[in-house]
Amino acid sequence: MNEQHAWWKEAVIYQIYPRSFADSNGDGIGDLPGITAHLPYIKELGANVIWLSPVYKSPNDDNGYDISDYRDIMDDFGTMEDFDAMLKRAHELGLKIVMDLVVNHTSDEHAWFIESRSSLENEKRGWYIWKDGKDGHEPNNWASCFSGSAWQKDERTGQYYLHLFSKKQPDLNWENPEVRDAVFDMMDFWCQKGIDGFRMDVISMISKVQTFPDGDTHGGLYGDPGPYVCNGPRVHEYLREMRTRVLSRYDLLTVGEAAGVTVDEAKKYANSEGTELNMVFHFEHVDGTPGRENKYGKWTTEHPTMPAVRTIFNKWQTELEGRAWNSLYWDNHDQPRAVSRFGNDSDEWRVLSAKMLATCLHMMKGTPYIYQGEELGMTNTPWSDIGEFRDIEVINAWKQNVVDHDIIPADYMLACLNAVSRDNARTPMHWDASENAGFTTGTPWIKVNPNYKTINAAAELADPDSVFYYYKRLIELRHMYPVIVYGVFEPLLPENEDIYAYRRVLDGQTLTVACNWTDREVPCDLFDGEGEELISNYKAHRAGVLMPYEARAVLISEKKG
């Protein structure tokens with residue numbers, strides 16, 4: 001099958017979390033001028049697209065995912081002039097900028113919501129989801145993703161508004177065409193500025209089942225809204241309208257964060273006809289702990305098992321073949337550090353493990369995403385006290401599970417937060433071995449991982465065998481070899497407990513990839529000395545085996561004539 005070529009299929013995307021990337025003015029918070037100053041670093045790495053987590057005006061209840069003005073810049077990050085300068089410099093360097101589009105909800109401090117809550121008769125009342133209570137309680141039993149009820153009573157009007165996340169993040173009512181008009185007009189504002197695409201936050205949740213039924217409690221305190229808010233009845237209609245009215249008028253990269261998405265749903269969101277989005281993020285490999293049982297849902301200290309992760313990736317690779325495009329990622333601002341979760345972050349194995357995971361992902365079919373610091377092999381941060389955390393999800397979960405209801409023992413909950421909390425990804429970027437990792441001359445808004453003196457960009461740029469240069473080589477290979485971008489994915493060794501292996505096939509070329517996920521030597525007969533080794537994290541190999549955390553990618557080309 002001839003795959004339709006597109007620039008966003010050939011791209012490698014680097015995610016920046018602005019609050020933690022680089023602080024230019026010493027206030028302890030990353031900002032836009034800090035990003036601008038470090039754009040040459042991303043250019044050196046070889047990524048060609050930057051996904052920028054939200055930089056819009058926000059009171060920061062959820063670190064910028066609660067937007068109070070879509071057409072202005074957060075005070076902490078700078079000004080619109082700073083944004084324009086960053087965009088101009090990025091384009092001069094050949095880098096594209098993808099904005100984070102957060103339109104399932106706004107901040108409760110957005111002018112739209114201030115009007116909406118002012119009275120039952122206000123013309124923007126129908127811009128949000130307001131309901132009367134039921135028997136003196138919330139309209140239904142839905143849980144917020146950030147603990148507690150998904151409904152908040154507004155004392156002024158006596159009604160409840162829906163917030164699937166923080167109570168300061170009221171959900172927009174996409175059933176109202178005026179809301180869609182306003183969102184599409186705002187998107188056009190940014191496209192006119194010259195941005196290159198949108199990452200769409202929880203976009204699969206914008207359409208709700210309008211009967212708002214109770215959810216299954218699964219033995220918990222609240223009901224699960226997932227079946228009624230994920231991949232809802234009109235979500236594809238809304239995205240087709242978005243495509244017609246905005247996206248089709250520009251050459252953009254579009255990726256949807258799609259909570260609850262299945263392979264079959266992904267074929268609609270990211271279909272090869274291009275009627276909705278280019279690709280979606282699914283969560284199967286990071287949802288809970290694949291291959292493990294866990295009584296507390298997300299909160300666990302367990303690592304996923306490779307066979308379970310492999311089953312998930314192989315399913316998405318094979319079932320989307322020729323039908324839709326994959327996005328590839330290990331971590332992001334909502335996930336713990338990749339090498340700590342999926343690999344081995346010990347001093348002995350961190351570098352080899354990080355390189356192995358990178359090989360495993362980047363040789364698959366789809367567009368790869370790198371989260372800031374992943375290319376350095378940054379690890380989870382040691383947390384000793386709940387007071388060190390800044391994430392509202394963590395703070396609310398601690399209150400619900402430890403303080404209010406004694407569901408999870410405090411010491412185990414802290415261990416879980418060390419393993420899987422979002423703040424692990426949000427500690428400052430490690431630029432060098434100076435104080436605060438070179439992130440700020442002030443007091444950082446969140447603690448710096450103490451291992452920054454050995455794991456930092458300056459040290460890795462000076463070491464040709466570093467994780468950084470390994471990522472750089474993976475990106476170079478993707479840009480050099482069409483088989484890595486467009487080759488058909490074929491699973492290998494599907495029953496092997498230790499090795500994740502597959503091949504990619506295109507136009508007479510076969511690329512074989514094998515990755516040992518363990519800290520011991522394991523048998524492997526996939527390589528016999530033929531072909532060109534494109535990359536490996538070992539300089540020498542032993543016949544018939546893979547060394548601990550060894551990764552290899554070998555290309556065989558058919559001889560012509």
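This briefing covers cysteines, aromatic rings and one surface patch. The model is predicted: local features need pLDDT of at least 70, side-chain atom pairs count only at pLDDT 80 or more, and totals for chains, interfaces and linings use all residues. Residues are numbered from 1 along each chain as its sequence is written, and side-chain values use heavy atoms, with hydrogens and water left out.

**Cysteines**
- The whole structure holds 0 disulfides (a disulfide is a pair of cysteine sulfur atoms within 2.5 Å).
- Cys 360 is in no disulfide; the nearest cysteine sulfur, in Cys 515, is 4.3 Å away.
- Cys 360 is buried, at 0% relative accessible area (buried means under 20%, exposed over 50%, partly exposed in between, with a 1.4 Å probe and protein chains only).
- For Cys 230, the closest cysteine sulfur is that of Cys 145, at 7.5 Å, too far for a bond.
- Cys 230 counts as buried because its relative accessibility is 16%.

**Aromatic rings**
- There are 36 aromatic pairs (rings of Phe, Tyr and Trp, the last by its six-membered ring, pair if their centres lie within 6.5 Å).
- One cluster links Tyr 56, Tyr 70, Phe 83, Trp 112, Trp 127, Phe 189 and Trp 190 through ring pairs.
- Lys 124 places its charged end over the ring of Trp 127, 4.6 Å from the centre (NZ of Lys or CZ of Arg must be within 6 Å of the ring centre and within 35 degrees of the ring normal).
- Arg 19 lies over the face of Trp 445, 5.4 Å from the ring centre.

**Surface**
- Ile 407 lies in the loop between helix 13 (392-404) and helix 14 (410-420) (helices are DSSP runs of H or I, at least four residues, numbered from the N terminus).
- Ile 407 counts as partly exposed because its relative accessibility is 35%.

How values were computed:
Helix = DSSP H or I, 4+ residues; strand = E, 2+ residues; numbered from the N terminus. Phe/Tyr/Trp six-rings, centres within 6.5 Å; stacked < 30°, edge-to-face > 60°.
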